[in-house]
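User: Please take a close look at one helix in this model. Walk me through its two sides, then place its surroundings.

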Amino acid sequence: MPNKPLLLGITGGIGSGKSTVCHLFSVLGIPVYNADERAKWIVSNDPEIEKAIKAVFGADAFIEGKYNKALIASIVFKWPDKLIELNHIIHPAVGRDFECWVQANGQKAPYLVKEAALLFDSGSGNKLDYIAVVHAPDHLRIQRVKQRDPQRDEAQIKNIIGNQMRQQEMMERASFLIDNSGELMLIPQIIALNSSILLNI
Ligand code: ATP
């Protein structure tokens, strides 16, 4: 087993199928770190992060210790600079949390997976050995997200897609591509990707 564990990032736009793909890696016994879920956990549980967020967004950023997502979302929607400030608080904290997780899990499997919606744009992908991009046509992603999150309307989902890095750009920068358009089955693609990583170790 190498000293520094091999790291595979899984990214893609909203509704592309990142979590579905990561579930398949879990089934293969590969530990998965979900950066977006950990970010939510850190925001709700790290008092230093709470303090830093309140310093930027005011005391109402937390109500009875609970992250005021609606307020923060409305502020960053109006003032994109605030989103940059928020990311400057959260991203380094997630980075540190990921390092600890890698230390704790590095010996458990031949490689580790990090799932994140932002890997190319946040720079956190630079520390990974490979990045696989999950992709599917926009209309299918919109349809799948609407089915998964009925409270979201199409305009909202399109707005998120418009604010994310273009899928084509992610695909051009990927080490591997995972086609989740429904044309190819996912399981054989993940088994093949797992095999190529194991062969390269
Ligand atoms: P987000 O960016 O919103 O976190 P995601 O990229 O993690 O999304 P998933 O949650 O894995 O995407 O998939 C979005 C929805 O589409 C889920 O409800 C999932 O079950 C469904 N889905 C994913 N892949 C397929 C597929 N190949 N066929 C049918 N449904 C799928």
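Four exposed residues, Pro-47, Glu-48, Lys-51 and Ala-55, sit on the face of α3 turned away from its buried side. Keep in mind that this is a predicted model.

Now turn to the other side. Ile-49, Glu-50, Ile-53 and Phe-57 are the buried residues of α3. Looking down the axis of α3, you find these buried residues within an arc of 100°, so they line one face of the helix. What do the buried residues of α3 pack against? They pack against α2, β3 (62-63), β4 (66-67), α4 (69-78) and α5.

Take α5 next. Helix α3 covers residues 47-57, and helix α5 covers residues 80-105. Their axes come within 10 Å and cross at roughly 170°. An angle over 145° counts as roughly antiparallel, and α3 and α5 are therefore roughly antiparallel to each other. Which residues make this contact? From α3 come Ile-49, Ala-52, Ile-53, Val-56 and Phe-57. From α5 come Lys-82, Glu-85, Leu-86, Ile-89 and Ala-93. By class, the contact of α3 with α5 has eight nonpolar residues, two charged ones and no polar ones.

Helix α2 is another partner of the buried residues of α3. Ala-39 is found in α2. Is Ala-39 buried or exposed? Ala-39 has a relative accessible area of 17%. Buried means under 20%, so Ala-39 is buried. Ala-39 touches Ile-90 and Val-94, leaving out residues up to four places away in sequence. Ala-39 and Ala-93 are 54 residues apart in sequence, yet their C-alpha atoms are 8.0 Å apart in space.

Six of the six residues of β1 are buried, so β1 is largely enclosed by the rest of the structure. Leu-6, Leu-8 and Ile-10 point one way from β1, while Leu-7, Gly-9 and Thr-11 point the other way. β1 runs parallel to β5, and five bridges join them. β1 also runs parallel to β6 (residues 130-135), with four bridges between them. Leu-8 has a bridge partner in β5, Val-113. In β6, the partner of Leu-8 is Tyr-130. Ile-10 stands opposite Ala-132 in β6.

Asn-194 lies in α9. Asn-194 is buried, with a relative accessible area of 13%. Leaving aside neighbours within four places in sequence, Asn-194 is in contact with Leu-28, Ile-30 and Tyr-111.

Definitions and conventions: Residues numbered from 1 in each chain as written. Predicted model: local features only at pLDDT ≥ 70, side-chain atom pairs only at ≥ 80, totals over all residues. Heavy atoms only, no water. Axes fitted to C-alpha atoms, helices over the stretch in contact; angles between N-to-C directions. Helix = DSSP H or I, 4+ residues; strand = E, 2+ residues; numbered from the N terminus. Parallel < 35°, antiparallel > 145°, perpendicular 65-115°, else oblique. Contact = heavy atoms within 4.5 Å. Nonpolar A, V, L, I, M, F, W, Y, C, P; charged D, E, K, R; others polar. Pairing = 2+ DSSP bridges. Buried < 20%, exposed > 50% of the residue type's maximum accessible area, 1.4 Å probe, protein only. Arc of directions from axis to C-beta.
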